[in-house]
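Me: I am new to this structure and would like to go through it slowly, asking at each step how a label was reached. Could you set each value against its cut-off as we go?

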Amino acid sequence: MHRIHHIKAGWLLDGNGGPVQKNMLLTIEDGMFKDIVSFEECTISDPEGVTDLSHCTLLPPLIDGHVHLCMSGSADPQVRRQQLSASFKEIQPRITEHLHHHFSHGVLAVRDGGDRQGHVLRYQNESFGKGLDPVIVKTAGRAWYRKERYGALIGRFPEENETVATAFAREKEAVDHVKLVNSGVNSLHSFGRETTPQFNLDQLKELVRQAAKRGKKVMVHANGRLPVKLALEAGCHSVEHGFFMGRDNLKLMADTQTLWVPTAVTMKGLAESADTDDHPFVDKDVARKNLQHQLEQIALAREYGVTVALGTDAGCRGVLHGESVAEELKLFLKAGYSLPEAIQCATSHGAKLLGINAMGLIARERPAHFIAARATPAMLPRKLSYLEAIYLDGRPCGEEFFLRI
């Protein structure tokens, strides 16, 4: 028996980057979008079969393309140290909590950038939290970095006399993608300081080839001109962060159709958390200058046609799981993106980044997954914290998802 239901939407952002549509009727049959038309252009034979969300803006579920589920956004140094050495038993409920924060803000898929002990991979493989918040998790397990360079927080390094490609080839972990660290972190005391690459071009190319043999994409932490340039020339699939990479790399990124995940909100989080204490590692003025420069690069990316996917680096100091997606969207708007363009970065571009075909768009013949924000488009992204409902396969998720914590 066919189950048909209608949803009346006050406004619709379909994830394609096009203009906001007003007063739309979505027809759902057996969990799929059957039709999407103007409410004023159709007649409903059974008015009781219509759910009225005319006070809401509907959009596809949001996707955060760069998170660290093992870490919280706490600014407390003791908390940040403890979570790096915590056992799986200690971390497991935190991962569940962080996923709930994502879900309650309409984020239904995340790409994890790795943790030192591979706890998120174990969480995923052992189905912890199954039956709770239905958030898709894609994880790198543990990242790869060069010994004595930055990366110990999120991964491990190859053994002596071993290339990173060889190290990856011998690993049997069932990861969703490969995470490589190819630069240092941004200085929070010296504006614009760049670090040298961790791996050369040949090493990067060989890793990309080895990953392709397993059907895996490579995401690369890279800041500065040369580390990003090598990642692009090697054929890596996405550049994470990309601070201070410059115009030439942005143009090359557009030409190679490499996805960029800017994570600008990290600098906002660092600057704001530095206001609360005398943290010796953060000069808030430098963090704010870093943020402004990244916004200028995001504006150039829009001009050059770079495919940008939203990622927050949630779990970093001052970057909270779930709600930081709205903060990153605000920064995209500040950089010159329209609201539909910014939402596209957090929906269809995010789905492309994660390889999720069932999400990203509200369109005919696609699964009826969407979120309803109790707001007009002019009130977004701020009102993404006030969701009326989350629909999966045409059915609203139960109230218990919102009330658990």
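Reply: Ring pairs join Phe33, Phe370 and Tyr391 into a cluster. Please keep in mind throughout that this is a predicted model.

Me: How many aromatic pairs are there in total?

Reply: The count comes to six aromatic pairs. One of them is formed by phenylalanine 191 and phenylalanine 244, whose ring centres lie 5.3 Å apart and whose planes make 85 degrees.

Me: Why is the pair of phenylalanine 191 and phenylalanine 244 called edge-to-face?

Reply: Rings pair if their centres lie within 6.5 Å, and planes over 60 degrees apart count as edge-to-face; with 5.3 Å between the centres and 85 degrees between the planes, phenylalanine 191 and phenylalanine 244 therefore form an edge-to-face pair.

Me: What makes this a link between distant parts of the chain?

Reply: The two residues are 53 residues apart, with phenylalanine 191 in the loop between strand S10 (178-181) and helix H5 (201-213), and phenylalanine 244 in the loop between strand S12 (238-241) and helix H7 (246-256).

Me: How do you know whether phenylalanine 191 and phenylalanine 244 are buried, partly exposed or exposed?

Reply: Buried means under 20% relative accessible area and exposed means over 50%, with partly exposed in between. Phenylalanine 244 has 9%, so it is buried, whereas phenylalanine 191 has 37% and therefore counts as partly exposed.

Me: Why is the pair of phenylalanine 332 and tyrosine 337 called tilted?

Reply: Stacked needs planes under 30 degrees apart and edge-to-face needs over 60; the planes of phenylalanine 332 and tyrosine 337 are at 40 degrees, with the ring centres 5.5 Å apart, so the pair is tilted. Phenylalanine 332, with a relative accessible area of 0%, is buried, and tyrosine 337, with 8%, is buried as well.

Me: What makes you say that the charged end of lysine 8 sits over a ring?

Reply: The charged end of lysine 8 is 4.1 Å from the centre of the ring of phenylalanine 39, and the distance cut-off is 6 Å, with a further condition on direction, within 35 degrees of the ring normal. The charged end of lysine 383 likewise sits over the ring of tyrosine 386, at 4.5 Å from its centre.

Me: Why are strand S5 (62-67) and strand S7 (136-139) called edge strands?

Reply: Three strands form an open sheet in the order S5-S6-S7, with parallel pairing, and S5 and S7 each pair on one side only. The twist averages 15 degrees from one strand to the next.

Me: How do you know that S5 and strand S6 (residues 107-112) pair?

Reply: Pairing needs at least two bridges, and four bridges join S5 to S6, so the two strands pair. Isoleucine 63 has alanine 109 in S6 as its bridge partner. Helix H2 (residues 88-104) packs on the sheet, where it touches S5, S6 and S7, and its direction makes about 135 degrees with that of S6.

Me: Why is threonine 347 called buried?

Reply: The relative accessibility of threonine 347 is 0%, which is under the 20% cut-off, so threonine 347 counts as buried. Threonine 347 lies in the loop between helix H11 (339-346) and helix H12 (348-354), and its contacts beyond four places in sequence include Gly15, Pro60 and Ile63.

Me: What makes the approach of isoleucine 343 to threonine 347 a polar contact?

Reply: The backbone oxygen of isoleucine 343 lies 2.7 Å from a polar atom of the threonine 347 side chain, and the distance cut-off is 3.5 Å.

Technical notes. Residues are numbered from 1 along each chain as its sequence is written. This is a predicted model: local features need pLDDT of at least 70, side-chain atom pairs count only at pLDDT 80 or more; totals for chains, interfaces and linings use all residues. Side-chain values use heavy atoms; hydrogens and water are left out. Buried means under 20% relative accessible area, exposed over 50%, partly exposed in between (1.4 Å probe, protein chains only). Axes are lines fitted to C-alpha atoms, for helices over the stretch in contact, and angles run from 0 to 180 degrees between N-to-C directions. Contact means heavy atoms within 4.5 Å. A polar contact is a pair of N or O atoms within 3.5 Å; within protein, one must be able to donate a hydrogen and the other to accept it, and residues adjacent in sequence count only if both atoms are side-chain atoms.
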